[in-house]
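Subject: Structure handover

Hello,

Here is the structure I promised to pass on. My notes follow below it.

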Amino acid sequence: MTVARRPWRLRSLLVGQFLAAMAVAALALALLMLTWRLPLVQAQARQEQSRVADLALLTLEQGLDNTQGLLRALAGLRGAVPTGGGQDDALAITTRQLLTDDNLLDAVYLVDQNLKLHRVFLRAGLAARAEEWVGNDLSGIAVVSEALASKTLLWSAQFLSPVQGLPVVAVALPFEGGVLLGELSMERLGALTNRPNQRDGLTLLAVDSHGELVSAPSLRLVRERTNLMNLPLVQSALVGEEAFGGFEFDGKAYSGTTRRSARLGWGLLVAYPVEVVNAARNEAVFIPVATLFVGLMVGVVMSGWLARRIDRVVHGVTRFAQAIAAGRYDGAVPRSGIVELQRLGTDLQQVALAIGQRERLLAEQDRRFRELVENTADLVLELDARGQILYRNRSAQEALGGDGVELAGCNILDLVAPQDREKVRRFLAVGADLRRNTYRQDLRMLDTRGSVRDIAWSSSVDRRADGTLLGYRCIGIDVTTQRAADAAVRRSEERLRAIIDSTPTLAVQWFDAQGRVIEWNPASTTLFGWTREEALGRTLGDMIYNPAQQAEFMAVLAEVERSGQPHGPYEGEVRHRDGHTRWLLSTTIRITGESPRGEPQPVFVCMDVDITERKVAEAGLRELNAQLESRITERTQSLSIANTELAQALQTVQLAQERLVASQDRLVQSEKLASLGSLVAGVAHELNTPIGNGRMAVSTVRERVRDFRQRIGGGLRRSDLDAFVSQVETGGDIALRNLERASELLSSFKQVAVDQTSDQRRHFQLLEVVDEILLTLQPTFKRSTHEVVCDVPADIALDSFPGAMGQVLTNLIQNAHIHGLDGHAHGRIDIVARVEQDMLLLSVADNGAGIPESARRHVFDPFFTTKLGQGGSGLGLSIVRNIVAGALGGGIDFRNRAEGGVVFDVRVPLVAPEHRVA
């Protein structure tokens, strides 16, 4: 028998939950205290003890370091046992001053190599008389002999000083000639180690290597030479182990840690009294417990008061909710001072208003939904469990009804074509067991007129809340037109496949982007020996290609994919399945296909034609050629005797070739000066005219002077004097003009010669260089009817090689004059220059015959000339290209003009590159 559980009152539930929460909090607090807070307090105490122990050890070590430093300073004042003099006084003064300062030294002894005490210095106030001990043997002090033997600084354990008669610790520093020995009183060391004892409740103890107490808060225990070797902490300290633990000392219990001084062999104990440690732990426990108890009391009172206020509001909210359930939405909720409860009441009122609005909205949405279903183009049917049509929309009525026949009340089986009725009947039979949300079926339907339609149905099962089958809701799409289009596409594909499959000599393969076969026609099977079933899904590398051919084929597919253009036809050799090779003429194109998910993807079609017979014929032709070569070889064997003579001739040819190379180098160098030589000849010829005219004028004047002298003896008339003066003036003018002309020619020629022979880089104006070149070339054109037209702006300046630029212009102009205008009565050479950005564009053009097509490829080749045997060397344009590309850092090209002639275009930077050499 099940007993109904009594419901809880809100007040009891709140108070109980609060008490349960407090109990959990108390348990969590206890766990935190045990696992975190108390270990943390203990760890903090240990950290404090460790810090003080480190501080005490550091203080002691610093005192020992200072003492060692003082001894080393004294040792620096004296390198050997004192023998008297100024140095003794300096050592004594310094030592006595140190013994009056605040340091650990109480006495300093100088001991010689025989371990005899040579000199004694004591701190003021000591009862010992230093002079009485001078000359005594100190070999009984072990640290002195050990330091002298090891030559290193050593510290001793505690011993009784023979001079002071007190317990001391000594440090021995060997130096040249003896040992410097310093004594530190135990009292000073104890005071040094006992400085951290000033902290509240902290106790610091120091023991020597034998466990005897050397420093403690109570001097009585030190004087009694208390031994603490029985304490485990002391034992750990003396072996250098850092340990924590408790111990009893002088009738009290302590908890502490240890440190060890390596130089003295002392152990340090830093400890707090147990009551101090327990007080910190008790304080850490009391405060949280007291806080928890006060919070518990206040929480019980506040939770009872809060429960009463909440209970009143909850009852009002309950009554309002009951009214909403009854369909009354205009009630009110009692107000509350608690924000959440007030918000709950407000939200309930808003919920009531929202429910009312929602009911009205659902009614409106139901109306709209029915209109949407009624007016949609899809076919909508609602069936009962037996397939009876309970509802049909307008589209379903028009598609399957017609002629005034109402579908509602008809059975769905009457509208299904006979070949699909069994499928629908089975679906209706298992309707109660269907569990999926949606079922899709393609059915052929009959309307009331007997027409057949293809409908794609999507059906869902309608059930009650308890799972009882109510019927089916069906949405259909008329796909009759789409199916007809799909059928047409299939027929087109079938015709295309029939064409591909029936082609006897054209092998066609389809590939995906990874090179796998997705189609393989019968001609491919005949050509390669692999059936369609074997080839599908494999690559050509698996069947007919080697790895290199497969990689090349994949590169072809990538190029076709990138460019979208067909690749080929191209030839290739492949292997048949039976092992023999065949030659193919192939073309690869790209088309658009579909992936299995219907996404567009590239498809590559490769079409192959067998050209093996043609290749066999070509091989036969090559074999015939090889046989002919073999016959020639056989016949040449009959000339073995002549071979020896031929070898000798070859040696002669080789020697001649070496000489030819040297001659070519000299010819190239001489060609670079050939134009300059022709200029020299032309300028020399040109200079003959003004110099000859000047000479004739001067000789004429000399004759007139001689006649004038003769006339002076016979009497001189004024007319004779006027005629003589006129003749002298005329002759002087003629001579002056001709000499100036010769001077201009010489200046221009000198500048061109200096530029072309020195190859120096400088700043220059392009027009000046062009004018100088034209001036030096004037004799060349003086004997012809050709003209040179210069169109060079005066503001074009270059930082380059004027000699190289002049050489280029000279060779181009002479090339145009000798080759381009050969056979032309009236030729013209145009020199045009312009600047584009930081580049100079210089063109030299003529209206001659141009360059024939057969010579265009060899224009810049060395030793190529159309005037071979007529004075041409074939090096002019080759030198021009080398100069332009080398010293000037640019390029040169040429083109034929449509109206006749050729244009050479030189493109060089305004500032020649630094790395170029002229």
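Strand β23 and strand β25 (residues 828–836) pair in the parallel sense, over 5 bridges. Two strands count as paired if DSSP finds at least two bridges between them. Helices (H or I, at least four residues) and strands (E, at least two) are DSSP runs, numbered from the N terminus.

A word on the source. This is a predicted model, in which local features need pLDDT of at least 70, side-chain atom pairs count only at pLDDT 80 or more, and totals for chains, interfaces and linings use all residues. Residues are numbered from 1 along each chain as its sequence is written, and side-chain values use heavy atoms, with hydrogens and water left out.

**The sheet**

β23 and β25 belong to an open sheet of 5 strands, in the order β23-β25-β26-β28-β27. The pairing is mixed. At the edges are β23 (787–791) and β27 (891–896), each pairing on one side only. From one strand to the next, the twist averages 15°.

Helix α20 (residues 802–820) packs on this sheet. It touches β25, β26 (839–846), β27 and β28 (902–909). Contact means heavy atoms within 4.5 Å. The direction of α20 makes about 20° with that of β26. Axes are lines fitted to C-alpha atoms, for helices over the stretch in contact; angles run from 0 to 180 degrees between N-to-C directions. Helix α21 (residues 876–885) also packs on the sheet, touching β27 and β28. Its direction makes about 135° with that of β27.

**Salt bridges**

Side chains of opposite charge can pair when their charged atoms come close. A salt bridge here is a side-chain nitrogen of Lys or Arg within 4 Å of a carboxyl oxygen of Asp or Glu. The structure holds 24 of them.

E787 is partly exposed at 42% relative accessibility. R828 is partly exposed too, at 33%. The classes are: buried, under 20% relative accessible area; exposed, over 50%; partly exposed, in between (1.4 Å probe, protein chains only).

R392 pairs with E406, the closest N and O atoms being 2.6 Å apart. R392 lies in strand β13 (residues 389–392) and E406 in the loop between α9 (394–401) and α10 (418–429), so the pair ties together parts 14 residues apart in sequence. R392 is buried at 19%, whereas E406 is partly exposed at 37%.

R590 forms a salt bridge with E561, with 2.7 Å between the closest N and O atoms. R590 is in strand β20 (residues 581–594) and E561 in helix α14 (residues 547–563), so parts 29 residues apart in sequence are tied together.

E61, D65 and R263 are linked in a network of salt bridges.

**A loop residue**

Q113 is in the loop between β1 (105–112) and β2 (117–122). At 52% relative accessibility, Q113 counts as exposed. What does Q113 touch, not counting residues up to four places away in sequence? The answer is L148, G177 and G178. Q113 and G178 are 65 residues apart in sequence, yet 4.5 Å apart in space, C-alpha to C-alpha.

Best wishes
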